[in-house]
Amino acid sequence: MSKERLMNILLAPVVSEKSSMAADASDHYTFKVAPDATKPEISAAVELLFDVKVEKVQTVNVGGKRKRFGQIQGRRKDWKKAIVRLQKGQDIDFAAGA
């Protein structure tokens, strides 16, 4: 795995009420990742970018919702979500860069 590939794996953190509660309660952090990303790549990318130790990675392929725009039917894109559990005592602070 090249460093360039690892830098393009994580697309964005998923910021929702459910993901925030999981982060506070049990050190689970949720990210939107590249659709072709594997669990070892996701783990390596999180460890590289945030300097933490990853214990476990779970992935979910999320189907895009059907949407209507007037009479035109549309569909949002499918995407991949990764739920990353960190080792005890590890923490990711998204507000540190702001």
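Residues are numbered from 1 along each chain as its sequence is written. In this predicted model, local features need pLDDT of at least 70 and side-chain atom pairs count only at pLDDT 80 or more, while totals for chains, interfaces and linings use all residues, and side-chain values use heavy atoms, with hydrogens and water left out.

## Salt bridges

Side chains of opposite charge can pair when their charged atoms come close. A salt bridge here is a side-chain nitrogen of Lys or Arg within 4 Å of a carboxyl oxygen of Asp or Glu.

| Pair | Closest N and O atoms |
|---|---|
| D36 and R5 | 3.6 Å |
| E41 and R5 | 3.0 Å |
| R85 and E55 | 3.2 Å |

Helices (H or I, at least four residues) and strands (E, at least two) are DSSP runs, numbered from the N terminus.

Start with D36 and R5, which form a salt bridge. D36 lies in the loop between β2 (28-33) and α3 (39-50), and R5 lies in helix α1 (residues 3-7), so the pair ties together parts 31 residues apart in sequence.

E41 also forms a salt bridge with R5. This pair links helix α3 to helix α1, across 36 residues.

R85 pairs with E55. R85 sits in strand β6 (residues 79-86) and E55 in strand β3 (residues 54-62), 30 residues apart. Shared partners join R5, D36 and E41 into one network.

## Buried or exposed

Buried means under 20% relative accessible area, exposed means over 50%, and partly exposed lies in between (1.4 Å probe, protein chains only). D36 is exposed, at 52%. R5 is partly exposed, at 25%. E41 is buried, at 13%. R85 is partly exposed, at 28%. E55 is partly exposed too, at 45%.

## Helix α3

Helix α3 has 12 residues. From its first C-alpha to its last it reaches 16 Å, close to the 16 Å expected at 1.5 Å a residue. The expected span is 1.5 Å times one less than the number of residues.

Which residues of α3 are buried? They are E41, I42, S43, A45 and V46. An α-helix has 3.6 residues a turn, so residues three or four places apart point the same way. The buried residues of α3 pack against α1, β1 (10-13), β2, β3 and β6, where contact means heavy atoms within 4.5 Å. Just after α3, D51 takes a positive phi of about 55°.
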